[in-house]
Structures are given as C-alpha cells and as structure tokens.
Amino acid sequence: MSFSQSLTIIDDIDAAAAPEQQGELVLCRHCDLLQWLPPLQEGEQAHCQRCDHQLDVRQVQPILRPVLYAASALFMLLLANLFPFISMGVAGNRSEMHFFDTSAVLFTEYHQSLAILVWLFIQAVPAFCMAAVIYLKLGMLYRLPARIWVARVLFMLKPWSMVDIFLMGLLISFVKLVANADISLGLSFWAFCIFCLLHLRTFQVIDRHEMWSRLALAPKVPVTAEAGKTGLSQQLKLCPCCTAIVPLAQQHCPRCHTRVYPRVPASLQKTLALLVTAAVLYIPANLLPIMRTVSFGNVTDSTIISGFLLMWQDGEYPVALVILLASVVVPIAKILIMFWLCYLVLAPVAVRSKLTTRIYLLVDWVGRWSMVDVLVVAILAALVRFGLLMSVYPGVGALVFAAVVIITMLAAISFDPRLLWDQPARTGEQV
C-alpha cells in the first residue's frame, strides 16, 4: 500500500485470535488499556480501542526516508546561517539581519535569558533532533553506541523545537513592517522555509514504538497478561520513553533504563502548582511592555493587548486575530482547560469520556504556539536597527510571557491523562 493512500485504522481486534496472528501486546499511554497490536503493513496504523490514541504506524522505507529528510534539513539549516536572512530599508537606510542575529542581538542588548531561549528553540534543539534521527536510524544498521540515550533525549526535546512557530512569527513581522519599510528576503530565508518543511516531515515519518522496537528488544510480557483490561489492574505499567511494558514491581525499564512509575508521581499536585504559577505570571506578562519602539527619538512601550489593538486599527485583521488567539485566548484557555481536566480526575467516571483525552491532546499541542509573540519580538529586535530613527527592543514582558508559555507546557507534560480513565478508588492512590 502506498503511503499516499488512506491509512487503514485498526480498531477492533478479535481477542480470541491466536497470539501469532494478533502481533504483540501494548499498553496505551493515554488510557492504560492492554490490547493486541496486529502486524501492520506499510502505510497502516493502529489506534487504541478505547481512547483512539495512535499506538503504532508502519512507514514506507522507515530508515532511508527519515535519514534523507533529516540530512537535507541539516544542510538547509546550515545554509540558513551562512547568507543574509532578511534586509529592511527605511528612509534610505538599510539594515540586514542574519538568522543567528535573532538570538545574538538579544544577547548583546542584555537580554541573555531570552536570547538563550530563542537560540535553543529555533537552532540548537531542532539541529540536535535532526542529527539524532540520523544517528538513531544509522544505529539500527551499524549498532552505534549510546543509541538508547540519544533516543531518550530526542523524544524529550521534540516538543521544544519551535521552527514552525518561528516561521509564523516571521510572517507576522512582515505584515507589521511592510507598510513602512522595504523588505527583501535573502537566500537564507528560503533555505529556512525548506528546513521547516523537512523538519516537520522528518517527524511525520517516525513512529516512537516502531523506532524503539528496532533499537532494542522489549522485555517479555507476562503470559498471564490479558488484553482488554488495564495494565495497572494486572500489575503492569508503561515505560513513557520507549513504550515497553514493565512489571509493576520493577523500578526501571529493562530496555531504555528509564525510571518507570505506574502513574506520574504527584501528577495533579505538580500540574496545579504549575497552573497557578502560570496564572499569576500571566497578569504581569500582559501589564508589562513586551516591546519598546524608538522612532525619531520617541519611545513607545507596547503590551500584548496594545499590539493587538494597533494591528486591528491598521486594518490587519487576520494578523491581529492570530496575535489575539496565540497570546491571549490560547494561554487563558489552556490554563482553564487544564484546571478542568484536573477536576475531572476526581469526578465520577460517568462524567469523563473519550473527548477529554482528545481535548488534552489538543491543548498540549496548541499551547506551544503562544510563543509566537516572543519570537516576533526577537525578529523585530534583530531586524529593526536604525538607531534613533527607528529601533525595536524587547521589554521585560517578553521574558515573563515566555515563562508563562513554558510553564503551561510543563503543566501539560506533568499531567497524566491515564488518570482520566482510572476508577475513583484507584485514582486516590495514584495521584
């Protein structure tokens, strides 16, 4: 079957079928249901019978394609750093920006913490992820050392690679500047666009379960394990790193050596503490200036809300709505929804449904896009450098808002969605 064709969804598996026909037993990482994963053909994927979470997928040429995509992405990232990225002209003056200037200018302007964050999110982490993919895929063929450690770090850092958000920030910056300046796109800009596409495509052709099954042998599942029941009820737990099934009495995963818990320790307490911190920091993040603009000697401080209002008054309605959604609606909605999910853990089982897991997955994915406003400030600070004529500097609100986004992402990571499927009696023991 070609990968371009529609993928087959494996949902209903005959529990009476022979084990060799059923494939292998797997635990769903979102609802803890033990079930048979059938042998898959290229282009097929299997979903959890209870919560519909994707369990596994079979890609076409699972080693060659990720290596080619990742290697091409690294080459494009190198090109993005070698040539001029964007140039801007105002009143006969011209300013040129290189890709590395996005973080370098912040560092020289005494915003070191923000500079390091931007550099990590758009350069270091994406580059490491692509290099790690190449190393792991080649490691399947040549048994390279430290494969387990590299795989653990890869999937831990994956959510923090924000090149797609940076590209959205570039588009918003262009809309803000194009009316008052002449914008020219350099060769590095187009190289970066290609890098973004290749970076996203590389992760699309990789499946965690399939990769780990090729890197190292999984521990054997006890013969007493019964599909259709939760892992916790059968003294089994899931390794969050390599998806192996580990006996409850065993502390570390035999395959990846990760410390394994039946549920995330103190999940609700950690999540609620992080959410309260984010909610408190969100107030100064909106009150403090996120950006300072110097124009003909006049200094103007802009907050998130004032930036939205300015774009709306200028008639840039689509961009204004993007800013409103990413910087106002999404953070508030994520905090409120995460509070709601924490409440549902303690609510009767009848109140919960498959929809709650899907909402959690959506909130977990969309929360990182709030970083777009911080990246827009970094882009403008690197590009708009004309002294007293016109210059942009980041405000203290940018760092505070970045902290809000990071804390809400950590809150989503610390929340254990399996608690939504546990029985009330067991929930109290595991929370």
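## Domains, salt bridges and selected residues

Thr258 sits in the loop between β10 and α9; helices (H or I, at least four residues) and strands (E, at least two) are DSSP runs, numbered from the N terminus. The model is predicted, so local features need pLDDT of at least 70 and side-chain atom pairs count only at pLDDT 80 or more, while totals for chains, interfaces and linings use all residues. Residues are numbered from 1 along each chain as its sequence is written, and side-chain values use heavy atoms, with hydrogens and water left out.

Thr258 has a relative accessibility of 11% and therefore counts as buried, where buried means under 20% relative accessible area, exposed over 50% and partly exposed in between (1.4 Å probe, protein chains only). Apart from neighbours within four places in sequence, Thr258 is in contact with Arg152, Cys239, Cys241, Gln251, His252 and Cys253. Contact here means heavy atoms within 4.5 Å.

The protein chain is divided into domain 1 (24–58 + 217–247) and domain 2 (264–421), with bounds that come from an automatic or database domain assignment. Between the C-alpha centres of domain 1 and domain 2 the distance is 34 Å. Nine residues of domain 1 are in contact with eight residues of domain 2.

The size of an interface is often given as the accessible area lost when the parts come together. For domain 1 and domain 2 this buried area is about 770 Å², 59% of it on carbon and sulfur atoms; the value is the accessible area (1.4 Å probe) that two parts lose on being put together, summed over both. On the side of domain 1, His30, Arg50 and Cys51 supply 59% of the area buried against domain 2, more than any other three residues.

One salt bridge is counted between domain 1 and domain 2, a salt bridge being a side-chain nitrogen of Lys or Arg within 4 Å of a carboxyl oxygen of Asp or Glu. Asp52 and Arg358 form a salt bridge through their side chains, with an N to O distance of 3.3 Å. Two residue pairs in polar contact, both at pLDDT 80 or more, are counted between domain 1 and domain 2. A polar contact is a pair of N or O atoms within 3.5 Å; within protein, one must be able to donate a hydrogen and the other to accept it, and residues adjacent in sequence count only if both atoms are side-chain atoms. The residues of domain 1 on the side that touches domain 2 divide into four nonpolar, one polar and four charged. In this grouping Ala, Val, Leu, Ile, Met, Phe, Trp, Tyr, Cys and Pro count as nonpolar, Asp, Glu, Lys and Arg as charged, and the others, Gly among them, as polar.

Across the whole structure, 11 salt bridges are found. One of them joins Arg263 and Asp422, with 2.9 Å from N to O. This pair links distant parts of the chain, 159 residues apart: Arg263 is in the loop between β10 (245–247) and α9 (267–287), and Asp422 is in the loop between α14 (396–414) and α15 (424–430). Both Arg263 and Asp422 are buried.

Asp56 and Arg58 form another salt bridge, their closest N and O atoms being 2.6 Å apart. Asp56 counts as buried because its relative accessibility is 0%, whereas Arg58, at 24%, counts as partly exposed. In the salt bridge between Asp301 and Arg292 the N to O distance is 2.7 Å. Asp301 counts as partly exposed at 39% relative accessibility, and Arg292 counts as partly exposed at 38%. Salt bridges that share partners join Asp32, Arg263 and Asp422 into one network.

Asp164 is found in helix α6 (residues 163–177) and is buried, with a relative accessible area of 15%. Leaving aside neighbours within four places in sequence, Asp164 is in contact with Leu200, Arg368 and Trp369. Gly169 also lies in helix α6 and counts as buried at 0% relative accessibility. The C-alpha atoms of Gly169 and Gln269 are separated by 34 Å, and the two residues are 100 residues apart along the chain.

Ser302 belongs to strand β12 (residues 298–302). Its relative accessibility is 14%, so Ser302 counts as buried. Beyond neighbours within four places in sequence, Ser302 is in contact with Pro289, Ile290 and Met291. Between the C-alpha atoms of Ser302 and Asn286, which are 16 residues apart along the chain, the separation is 9.8 Å.
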